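The sequence and structure come first.

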Amino acid sequence: MSSSVSLEYLNQRLSGLTVSSPTSTALCAQNLAGSSIAVILTGTAIPLATRPYSSGFTANGSNTTFTVQTSGTYKIEYDIQTTTALLLSSSVFKNGVSIANLVRSPGLAGTSFKCAAIISLAAGDVLQLTLYG
């Protein structure tokens with residue numbers, strides 16, 4: 001299994017909203033190990049140990065949660081690829097609650113779980129990429 005998540009602080013005009021002080025706050029985190037991850041019905045956090053770019057986020061020791069350091073509007077997207085078709089769902093959780101716009105629940109077995117949304121985050125929010133089902 002490989003997976004990645006990226007979060008980008010939006011520093012451009014969005015639907016009439018202008019961010020007055022652009023920042024380089026962003027996170028790109030990946031799990032490219034190809035290792036097996038045991039997914040349980042209630043959810044399994046995906047470890048994302050490889051971080052080609054990280055500014056403004058703090059990972060926990062197991063690389064499964066990321067704490068936001070700067071409040072703002074972020075583009076969050078993820079891409080999970082499995083080697084076998086699985087009947088699973090995926091989501092990004094914020095402070096332990098699934099973000100509705102970032103749930104991927106196809107209803108059929110698949111090998112690809114992708115999703116993206118623009119979300120407001122506050123400093124201190126904790127994010128986690130999860131598979132469940």
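## Nonpolar core

The largest nonpolar core in this predicted model contains 23 residues, and Ile76, Val92 and Leu102 have the most contacts inside it. A nonpolar core is a set of buried Ala, Val, Leu, Ile, Met, Phe, Trp, Tyr and Cys residues joined through side-chain atoms within 4.5 Å. Buried means under 20% relative accessible area, exposed means over 50%, and partly exposed lies in between, with a 1.4 Å probe and protein chains only.

Two or more core residues come from each of strand 2 (26–31), strand 6 (66–68), strand 7 (72–86), strand 10 (110–121) and strand 11 (126–132). Strand 10 gives the largest share, 5 residues.

## Basis of the values

Residue numbers start from 1 along each chain as its sequence is written, and side-chain values use heavy atoms, with hydrogens and water left out. The model is predicted: local features need pLDDT of at least 70 and side-chain atom pairs count only at pLDDT 80 or more, while totals for chains, interfaces and linings use all residues.

## Aromatic pairs

The structure holds 2 aromatic pairs. Rings of Phe, Tyr and Trp (its six-membered ring) pair if their centres lie within 6.5 Å; planes under 30 degrees apart count as stacked, over 60 as edge-to-face and the rest as tilted. Phe57 and Tyr74 are edge-to-face, because their ring centres are 5.8 Å apart and their planes stand at 70°. This pair links distant parts of the chain, with Phe57 in strand 5 (residues 57–59) and Tyr74 in strand 7, 17 residues apart. Phe57 is buried at 8% relative accessibility, and Tyr74 is buried at 0% relative accessible area.

The rings of Phe93 and Tyr132 have centres 6.5 Å apart and planes at 80°, so this pair is also edge-to-face. Phe93 belongs to strand 8 (residues 89–94) and Tyr132 to strand 11, so the pair ties together parts 39 residues apart in sequence. Phe93 counts as buried, with a relative accessibility of 18%.

## Cysteines

A disulfide is a pair of cysteine sulfur atoms within 2.5 Å; the count by this rule is 0. Cys28 is partly exposed at 23% relative accessible area, whereas Cys115 is buried at 16%.

## Fold and surface

The protein has 0 helices and 11 strands. Helices (H or I, at least four residues) and strands (E, at least two) are DSSP runs, numbered from the N terminus. Of the 133 residues, 38% count as buried. The accessible surface is about 6,700 Å², and carbon and sulfur atoms account for 53% of it; accessible areas come from the Shrake-Rupley method with a 1.4 Å probe.

Contact means heavy atoms within 4.5 Å. Among contacts between residues at least 6 apart in sequence, 67% join residues at least 24 apart.

## The loop at Gly124

Gly124 is placed in the loop between strand 10 and strand 11 and is partly exposed, with a relative accessible area of 44%. Its C-alpha atom is separated by 5.3 Å from that of Val68, 56 residues away along the chain. Leaving aside neighbours within four places in sequence, Gly124 contacts Thr67, Val68 and Asn95.

## Confidence

pLDDT is the predictor's confidence in each residue, from 0 to 100. The protein averages 84, and 83% of the residues score at least 70. Over residues 11–15 pLDDT stays under 50, and the model has 7 contacts beyond four places in sequence for them. Where pLDDT is low, the predicted coordinates should not be read in detail.
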